[in-house]
Amino acid sequence: MKKLTFLSLLVLLTGIISCSSKHTTEAVFVEKEKVETITIKDPGAVEYVWEPPIIDVVKVPPGLDPEGTYYRPAHEEVVEIRQGRWKYEAPQDVKQDK
């Protein structure tokens with residue numbers, strides 16, 4: 001029992017002595033540089049812009065289908081009025097300082 005308490009006391013003292021160091025560390029804060037980017041557009045370059053599709057939700061009444069072959073219950077149908085597409089972005093005049 002005495003060996004166990006002596007060992008635990010020795011470990012405790014070693015921990016206290018090692019933690020109470022005279023050297024203190026100072027926090028050094030490095031200021032981050034601010035980076036500004038400038039985008040220069042080539043006057044001959046063309047940029048594309050995505051135009052999403054135009055859709056509409058239509059309520060379809062119950063009844064026979066347009067061909068008259070089968071009965072359909074009332075439902076809602078999504079109709080695509082115009083497909084999505086890539087289009088050219090309108091070029092803008094760029095003023096250059098001289």
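**View 1. Contacts across the whole chain.** Among contacts in the protein between residues at least 6 apart in sequence, 49% join residues at least 24 apart; a contact here means heavy atoms within 4.5 Å. Welcome to a predicted model, in which local features need pLDDT of at least 70, side-chain atom pairs count only at pLDDT 80 or more, and totals for chains, interfaces and linings use all residues. Residues are numbered from 1 along each chain as its sequence is written, and side-chain values use heavy atoms, with hydrogens and water left out.

**View 2. The elements and the surface.** Of the 98 residues in the protein, 4% are buried. Buried means under 20% relative accessible area, exposed means over 50%, and partly exposed lies in between (1.4 Å probe, protein chains only). The accessible surface of the protein is about 10,600 Å², and carbon and sulfur atoms account for 60% of that surface. Such areas come from the Shrake-Rupley method with a 1.4 Å probe, and for residues only the protein chains shown count as cover.

View 3. Now zoom in on E51, which you will find in strand 1. Is E51 buried or exposed? With a relative accessible area of 15%, E51 counts as buried. Leaving aside residues up to four places away in sequence, E51 touches R82, G84, R85 and K87.

**View 4. The pair E51 and R82.** Here R82 forms a salt bridge with E51, and their closest N and O atoms are 2.8 Å apart. This pair links distant parts of the chain, since R82 belongs to strand 5 (residues 75-82) and E51 to strand 1 (residues 48-51), 31 residues apart. A salt bridge is a side-chain nitrogen of Lys or Arg within 4 Å of a carboxyl oxygen of Asp or Glu. Side chains of opposite charge can pair when their charged atoms come close. R82 is partly exposed, at a relative accessible area of 25%. The two side chains also make a polar contact of 2.8 Å. A polar contact is a pair of N or O atoms within 3.5 Å; within protein, one must be able to donate a hydrogen and the other to accept it, and residues adjacent in sequence count only if both atoms are side-chain atoms.

**View 5. E51 meets strand 6.** E51 and R85 join their side chains in a salt bridge of 3.0 Å, N to O. Strand 1 holds E51 and strand 6 (residues 85-88) holds R85, so this pair links distant parts of the chain, 34 residues apart. R85 is partly exposed, with a relative accessible area of 41%. A salt bridge of 3.0 Å, N to O, also brings together E51 and K87. Because E51 lies in strand 1 and K87 in strand 6, the pair ties together parts that are 36 residues apart in sequence. K87 is partly exposed, at 37% relative accessible area.

**View 6. The network together.** How many salt bridges does a search of the whole structure find? The search finds three, and E51, R82, R85 and K87 are linked in a network of salt bridges.

Definitions and conventions:
Helix = DSSP H or I, 4+ residues; strand = E, 2+ residues; numbered from the N terminus.
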